[in-house]
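Please open the model in a viewer and keep the selection panel at hand.

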Amino acid sequence: MKSILFVASEGLPFIKSGGLADVIGSLPYSLKQKNMDVRVVLPLYLKIALNHRESFKKVKTFPVLTGQINTVATLYEKDVQGVIYYFIEHQGYFEREGLYGYYDDGARFAFFQKAVLEMLRELQFYPEIIHSHDWHTGMIPAMCKIHYANDKKYQKIKHVYTIHNLAYQGNFPVSVLTDCLGISDSFYHDGSMRFYQGISFMKAGILFADKISTVSPTYSHEILTKEYGENMDEVLSYRKDDLWGITNGIDTKLWDPSKDKLLSKKYSLKSYASGKKANKKALQEELGLRVTPDTMLVGMVSRLTNQKGIHLILEKLADIMGLDLQFIVLGSGEGHIEDAFKHMEYKYKRRAVFYCGYNEELAHRIYAGCDVFLMPSLFEPCGISQLIAMRYGTLPLVRETGGLKDTVTPFNQYDNTGTGFSFASKSSDDLYYTLRYACDTYYLNSIGFNAMIENAMKEDVSFEKSCKLYLEMYNMVLTKK
Ligand code: ADP
Ligand code: GLC
C-alpha cells in the first residue's frame with residue numbers, strides 16, 4: 001500500500017476558507033478507497049481547538065527548531081473514515097481569529113512546515129510521498145532535502161506540490177529564509193528561492209518538488225503565459241515537463257440534494273422540478289425576497305475578491321437588474337465590493353439580497369434554490385462552486401477560464417446539450433448578454449433549460465476520474481530514478 005502525507009493549511013471537516021478545504025476534505029478519502037495509506041496534517045487553529053479538540057487524541061509534544069526560533073509543537077490525531085488527520089498545535093502561532101493575513105505569516109508557516117517534517121521522525125512514519133498544497137507548504141520539498149540531507153529516510157521521500165492558486169505566493173523578506181526557516185541565504189543569491197527582493201515559498205515549491213500539479217488542465221496551460229502567470233510563468237515554464245493539470249472533484253456525499261438535511265425539500269434527478277421550486281420559495285422567504293417561485297433566481301457564493309470578476313457584474317448592475325430576475329449574493333471579502341452589494345440590496349429591495357459573511361448552511365440552500373449560479377471569474381484555477389451548483393441542478397454561468405472552461409459545457413440550443421452558459425472575454429457587456437440569453441432560455445425555452453438541468457445533475461463531479469490521474473502521477477514520481 002502506497003503511503004502519502006498531505007500537508008495543507010485548511011481542510012474539511014475541520015476548517016475552511018475556500019475550495020482548498022473542499023479538496024483536502026475529499027481527495028484523501030477517494031485515494032484511500034484506492035487502497036492508499038493517506039494521512040493529512042493541518043495547523044490546529046483556534047476554530048478547530050474550539051470545535052474539535054475534545055475529540056482528538058493527543059500524540060506527543062516535541063521540540064521544533066526553526067532558524068533562530070526554538071520552540072515546541074504538540075501533535076494530535078483523529079481518524080475520519082479511515083483517513084488519519086494530524087494537527088500541529090502551537091497556540092501562539094495558530095490560536096487566532098483568522099487563518100492567514102498576519103504580520104508573522106512567514107514565521108507561522110515556517111514553523112508549521114518544520115514541525116511537519118519533525119513529526120515524521122517522532123512518529124517513525126516516513127511516507128513514500130509528501131503531497132504539499134499551496135504557498136503555506138511550498139518550502140517542504142526544499143527543507144526536506146536541505147535540513148535532512150544526511151538522513152536516508154527523509155531523502156527517500158518524493159515530493160508532489162499542488163498549486164491551487166498562483167496568486168497567493170507566500171513572498172517574504174530574506175530574513176524569513178535565514179531566521180525562520182534556517183536556510184542559508186545562498187539560496188537567495190543563487191536565485192532558486194529568490195523572488196524580486198525577497199523569497200517565495202511558492203517558487204521554492206515549484207523548483208524543488210519532483211512533480212508539480214495544478215487543479216485543471218486549462219489553468220496548467222494558462223499559468224505558463226504572462227497574462228495568468230503572476231510573474232511565475234518563467235519558473236513554471238522551466239518545469240513544464242513535470243507540470244500536471246488535474247481537475248478537482250467534490251465530496252458527492254456532503255453535496256447531495258437527495259440527502260441534504262439543510263434543504264427545505266430534498267430532491268433528485270427525478271424530482272428536481274418540484275424540489276427546486278420548493279427550495280426557491282423557502283429561500284425567497286428566508287432572505288426577504290418577493291416570493292415568486294416562477295421568477296429566475298440567480299445566485300452567487302463567493303470570496304469577494306478581484307479574482308472572481310465581480311466588477312463585471314457591478315459595471316452592468318443596472319442593466320442586469322433590468323432583466324426579469326432576482327439576485328442573491330453570499331460572500332465576504334474586499335470592502336469596496338461588500339459596499340457595492342450593500343448598496344445593491346438597498347436599491348433593489350426585495351429583488352436583490354446581499355448576505356455579508358460566511359455561512360455554510362445558507363450556501364447549501366442557495367445552491368439548491370437558485371436557477372443560475374454566477375461565476376464570471378477573471379481567473380479560476382478550478383472552482384468548486386460551479387461543480388456543486390451543477391450537482392444541485394443550478395446552471396453555472398461562467399467566464400471561460402481555467403477549471404470553469406474545463407467543467408462547464410455551454411448550452412447548444414439546437415441539440416439541447418450543455419450544462420450551463422459561458423462567455424469568453426473579460427467584458428461586462430458579454431456577461432450581460434449571456435445572462436440575458438440565460439433569462440430568455442429560462443422563460444421561453446423550458447425544454448432546453450430543463451434538459452440542461454438534467455445534463456448538469458448527471459455530470460460526474462466526483463473525484464473518481466481525477467483520482468486515477470493522481471495515482472498515475474504518484475506512480476511516475478515513485479518510479480523516476
Ligand atoms: P475559492 O477557493 O477560490 O474561493 P472555489 O470555487 O474553489 O473558490 O471554492 C469556494 C468554496 O467556498 C465553495 O465550497 C463555496 O461554496 C465556499 N464558499 C465561498 N464563500 C462562501 C461563503 N461566504 N459562505 C459559505 N461558503 C462559501
Ligand atoms: C483555489 C482556487 C479555486 C480552486 C481551489 C481548490 O482556492 O481559487 O479555483 O477550486 O483552490 O483547488
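Rings of Phe, Tyr and Trp (its six-membered ring) are taken as a pair if their centres lie within 6.5 Å; planes under 30 degrees apart count as stacked, those over 60 as edge-to-face, and the rest as tilted. The model is a predicted one, in which local features need pLDDT of at least 70 and side-chain atom pairs pLDDT 80 or more, whereas totals for chains, interfaces and linings use all residues. Residues are numbered from 1 along each chain as its sequence is written, chains are lettered from A and ligands numbered from 1 in the order in which they are written, and side-chain values use heavy atoms, without hydrogens or water.

**Aromatic rings**

Select Tyr45, Tyr93, Phe94, Tyr100, Phe109, Phe111, Phe112, Trp135, Phe172 and Phe201: together they form one aromatic cluster. The structure holds 34 aromatic pairs. One of them joins Tyr442 and Phe449, edge-to-face, with 5.3 Å between centres and 85 degrees between planes. Tyr442 and Phe449 are both buried (under 20% relative accessible area, with exposed over 50% and partly exposed in between; 1.4 Å probe, protein chains only).

**Charges over rings**

Next, select Arg39 with Phe125. Arg39 lies over the face of Phe125, 3.8 Å from the ring centre; the criterion is NZ of Lys or CZ of Arg within 6 Å of the ring centre and within 35 degrees of the ring normal. Then move to Arg96, whose charged end sits over the ring of Tyr102 at 4.9 Å from its centre.

**Ligand 2**

Which residues are the closest to ligand 2? Of the 14 residues that surround ligand 2, these are His164, Asn248, Glu380, Cys382 and Gly383 (a heavy atom within 4 Å). Display the oxygen atoms of ligand 2: one is 2.8 Å from a side-chain N or O atom of Asn248. An oxygen atom of ligand 2 also lies 3.0 Å from a backbone N or O atom of Cys382, and one is 2.7 Å from a polar backbone atom of Gly383. The protein covers 93% of the 310 Å² of accessible area that ligand 2 has on its own (Shrake-Rupley method, 1.4 Å probe). Now colour helix H1 (residues 19–32), which gives the largest share of the shell around ligand 2, three residues.

**A loop serine**

Finally, select Ser462, in the loop between helix H20 (446–458) and helix H21 (464–479); helices are DSSP runs (H or I) of at least four residues, numbered from the N terminus. The side chains of Ser462 and Asp460 are joined by a polar contact of 2.8 Å. Such a contact is a pair of N or O atoms within 3.5 Å; within protein, one must be able to donate a hydrogen and the other to accept it, and residues adjacent in sequence count only if both atoms are side-chain atoms. The Ser462 side chain also reaches the backbone nitrogen of Glu464 at 3.1 Å.

Conventions: Helix = DSSP H or I, 4+ residues; strand = E, 2+ residues; numbered from the N terminus.
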